[in-house]
Amino acid sequence: MPTVTATRDETPSVRTFTLQVPGWPGHRPGQHLDLRLTAEDGYSVERSYSIASEPERGEVIEITVERIPDGEVSPFLHDIVVAGDRLE
């Protein structure tokens, strides 16, 4: 499971998340990462995010997420997720 190692605000509504992904086989430019959030009641939602980092970083990748005010996932990522959190 990916672990958030850092976050960085790019603008007031855009944040970059640095993830350590054990066993990540690498990626090619243009590939994406699927993140899934699951609530305690079992409700699950999945979103795809383009990988913003260069492929040469090995098991470290970055995704940049725009906060959509009435979105299901981006507000959680922006308002709740901090370094040390694990994502699915």
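Glu10 is partly exposed, at 39% relative accessibility. This is a predicted model. Arg8 is also partly exposed, with a relative accessible area of 39%. Glu10 and Arg8 form a salt bridge, with 3.0 Å between the closest N and O atoms.

Which residues does the network of salt bridges with shared partners join? The members are Arg8, Glu10, Glu54, Arg57 and Glu62.

Next, Asp9 and Arg15. Their salt bridge has its closest N and O atoms 2.6 Å apart. Is Arg15 buried or exposed? Arg15 has 16% relative accessibility and the cut-off for buried is under 20%, so Arg15 counts as buried. Asp9, at 51%, counts as exposed.

Arg47 is partly exposed at 32%, and Glu72 is partly exposed at 42%.

In the whole structure, the search finds nine salt bridges. The chain has 8 positive and 16 negative charges, and their mean positions lie 3 Å apart.

Now the fold. The chain has five strands and one helix, in the order β-β-β-β-β-α from the N terminus. The radius of gyration is 13 Å, close to the 12 Å from the globule rule for 88 residues, so the chain is as compact as a globular protein of that length. Buried residues account for 33% of the 88.

Notes
Residues numbered from 1 in each chain as written. Predicted model: local features only at pLDDT ≥ 70, side-chain atom pairs only at ≥ 80, totals over all residues. Heavy atoms only, no water. Helix = DSSP H or I, 4+ residues; strand = E, 2+ residues; numbered from the N terminus. Rg over C-alpha atoms; globule rule 2.2 N^0.38 Å. Buried < 20%, exposed > 50% of the residue type's maximum accessible area, 1.4 Å probe, protein only. Lys, Arg positive; Asp, Glu negative; His and termini not counted. Charge placed at Lys NZ, Arg CZ, Asp CG, Glu CD. Salt bridge = Lys/Arg side-chain N within 4 Å of Asp/Glu carboxyl O.
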